[in-house]
Every structure is written in structure tokens, then in C-alpha cells.
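Please look over the points below with the model open.

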Amino acid sequence: MKAQKYCCNHCGEIFGIEKASPTLKLTCPRCYSEDLLEYNACSLEIGPPPWEYQCLKCRVRFMVTSPRGPDEAKAIICPACLSKDVKWLSLATSDCASGG
């Protein structure tokens, strides 16, 4: 299943979530803001690839930009249920077609 990407208007975090219930309020996993936009652009991003996580409480899978250190990695929360009980899965692979 392909993740829907969102961009936080507050901190600029781009993250993806595999499935979001229409009744849940999504929040940014970095700053907890609810001021989000759907992110549908397919562009070259400079920097490290995003990291993929899974919430151990609600089982939602989501992606965040690479944490800038261990403290930031420990502060990541599930954008669906706000749980801090999340597990790092892998570096997320690009879902853009080659060429852009």
C-alpha cells in the first residue's frame, strides 16, 4: 500500500502515512502541529532519505525526514494516534518514477 505524504506548515516536516482514518486528526510527528497539507510533488530531495516507522499502538506505518540526532529520534510520535511507542523499520525507498 502506498503512503499518502503530508507537509507540516509549521516546521516543514514531510512525512507519509500508510492509511489514515477520516475520523482521526493527523499531527506532525516532529512538532505535533495539525496544520498539514497533502504533499503530492515528486521531486528530487537533497539530503538523507526519509525513515519509515510503525506505530506499535495503532499499527499505522509512516515516514519522517531523518532525525537530526538521538534526541529528535526519541521524540517522534505517531501522526495518527500520538503514541510515542513507535518502531523504526527502515530507510524509506523513493516512490517516484525514474526521471522525476
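1. A salt bridge here is a side-chain nitrogen of Lys or Arg within 4 Å of a carboxyl oxygen of Asp or Glu. This is a predicted model, where local features need pLDDT of at least 70, side-chain atom pairs count only at pLDDT 80 or more, and totals for chains, interfaces and linings use all residues. Residues are numbered from 1 along each chain as its sequence is written, and side-chain values use heavy atoms, with hydrogens and water left out.

2. How many salt bridges does the structure hold? The count is 4. Side chains of opposite charge can pair when their charged atoms come close.

3. Start with R30 and E13. Their side chains form a salt bridge at 2.9 Å, N to O. R30 sits in the loop between β2 (14-17) and β3 (36-38), and E13 in the loop between β1 (4-8) and β2, so this pair ties together parts 17 residues apart in sequence. Helices (H or I, at least four residues) and strands (E, at least two) are DSSP runs, numbered from the N terminus.

4. Is E13 buried or exposed? E13 is buried, at 2% relative accessibility. R30 is partly exposed, at 22%. The classes are: buried under 20% relative accessible area, exposed over 50%, partly exposed in between (1.4 Å probe, protein chains only).

5. R30 also pairs with E72. This salt bridge is 2.7 Å, N to O. E72 lies in helix α1 (residues 70-74) and R30 in the loop between β2 and β3, so the pair ties together parts 42 residues apart in sequence. E72 is partly exposed, with a relative accessible area of 21%.

6. Another pair is E34 with K25, at 3.8 Å, N to O. K25 is exposed, at 60% relative accessible area. E34 is partly exposed, at 49%.

7. A cavity is a set of points, on a 1 Å grid over the protein atoms alone, where a 1.4 Å probe fits but cannot get out; lining residues have an atom within 4 Å of a point. The structure holds 1 cavity of 30 Å³ or more. The largest cavity has about 40 Å³ of space, a volume being the space filled by probe spheres set on the points, which are joined across faces, edges and corners.

8. Which residues line the largest cavity? They are E13, P29, R30, V64, T65, P67, E72 and I76. The lining divides into 4 nonpolar, 1 polar and 3 charged residues. Ala, Val, Leu, Ile, Met, Phe, Trp, Tyr, Cys and Pro count as nonpolar, Asp, Glu, Lys and Arg as charged, and the others, Gly among them, as polar.

Terms used:
1 Å grid on protein atoms, 1.4 Å probe; cavity = no way out; pocket = protein on both sides within 12 Å on 5 of 7 lines; lining within 4 Å.
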